[in-house]
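Thank you all for coming. Please have a look at the sequence and the model on the screen while I take you through them.

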Amino acid sequence: MRRENSPARAKLLTLFETVSRGRTNLSLGDFDDAQLDWIIRSGLGPACFHAAKENQENFTSRHWQSLKAADLTARWIGADHREAMTEIIDASCGYVPQLTLLKGISIAEEYYPEFHLRPMRDIDLLVPVESLAPMATLLHGLGYRQTSDAPHEAYDSHHHVMPFFHDERQVWIELHHRLISAKNHASHGRVIQPSHVSS
């Protein structure tokens with residue numbers, strides 16, 4: 001099994017290496033149809049398009065239009081996420097102190113070649129535990145509703161409350177009060193305690 005997966009893994013590493021080095025001449029001919037289909041289905045289509053967009057040989061690939069469509073879709077979704085993030089930050093000013101952007105949304109402009117290449121589709125926010133209720137009220141006022149397949153009690157020892165979802169924007173929000181779950185042994189480390197993070 002491992003041996004069979006090695007070539008596919010190597011191809012993905014080639015894709016990631018091309019993106020990380022800022023190159024845009026990846027050859028789609030180096031991938032077979034099944035690999036390109038998987039790349040598109042998995043959400044890596046925009047990254048693949050970015051990595052291959054300057055190689056004119058790719059324009060005749062049967063996957064080219066699908067990759068282009070994936071990139072365009074990701075641009076629209078990225079714009080929606082940026083707009084939602086800005087709206088939440090603006091609404092929270094003077095209302096919820098110490099709002100911190102976490103994970104992908106906080107680094108998308110700095111560490112991705114383009115904002116829309118961030119593959120995750122949620123916005124993670126960290127607030128002090130005492131700000132959870134005001135922040136939930138704020139999100140409800142902006143049209144978000146809490147929803148999950150798991151019951152509310154499942155989040156009692158979790159590092160974020162039940163996620164929020166905006167039906168029209170199709171944006172998920174995870175409202176964190178810790179960096180990791182209290183069940184995780186690493187949660188006792190000083191460096192990730194909420195007080196240390198906010199300092």
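I will begin with the sheet and its strands, then turn to the helices, and end with the cysteines.

What we have here is a predicted model, in which local features need a pLDDT of at least 70 and side-chain atom pairs count only at pLDDT 80 or more, while totals for chains, interfaces and linings use all residues. Residues are numbered from 1 along each chain as its sequence is written, and side-chain values use heavy atoms, with hydrogens and water left out.

Let me start with the sheet. Helices (H or I, at least four residues) and strands (E, at least two) are DSSP runs numbered from the N terminus, and two strands pair if DSSP finds at least two bridges between them. In general, strands of a sheet pair through backbone hydrogen bonds, either parallel or antiparallel. Here five strands make up an open sheet, in the order S1-S2-S5-S4-S3, and the pairing is mixed. Strand S1 (100–102) and strand S3 (144–146) stand at the edges with a single partner strand each, so one side of each is left without a neighbour in the sheet. Neighbouring strands of this sheet are turned by 30° against each other on average, with direction ignored; such angles run from 0 to 180 degrees between N-to-C directions, and the axes are lines fitted to C-alpha atoms, for helices over the stretch in contact.

Which strand runs parallel to S2? That is S5 (residues 171–176), joined to S2 (residues 122–126) by five bridges, with Leu125 standing opposite Leu175 and Leu126 having His176 as its bridge partner. S4 and S5, by contrast, pair in the antiparallel sense over three bridges, and Phe164 stands opposite Ile173. These two strands, S4 and S5, form a hairpin with four residues between them, and Gln170 in the turn has a positive phi of about 60°. Five of the six residues of S5 are buried, where buried means under 20% relative accessible area, exposed over 50%, and partly exposed in between (1.4 Å probe, protein chains only).

Now to the helices. Helix H4 (residues 64–92) lies across S1, S2, S3 and S5, running at about 25° to S2. Asp71, which has its place in H4, is buried at a relative accessible area of 6%. Leaving aside neighbours within four places in sequence, Asp71 is in contact (heavy atoms within 4.5 Å) with Pro46, Phe49, His116 and Leu117. The side chains of Asp71 and His116 also make a polar contact at 2.7 Å, that is, a pair of N or O atoms within 3.5 Å; within protein, one must be able to donate a hydrogen and the other to accept it, and residues adjacent in sequence count only if both atoms are side-chain atoms.

In helix H2 (residues 33–41), the buried residues are Gln35, Leu36 and Ile39. Seen down the axis of H2, these fall within an arc of 95°, so they line one face of the helix; the arc is that of the directions from the helix axis to the C-beta atoms. On the other side of H2, Ala34 and Arg41 are exposed.

Finally, how many disulfides does a search of the whole structure find? The search finds zero, a disulfide being a pair of cysteine sulfur atoms within 2.5 Å. Cys48 is buried at 0% relative accessibility, whereas Cys93 is exposed at 56%.
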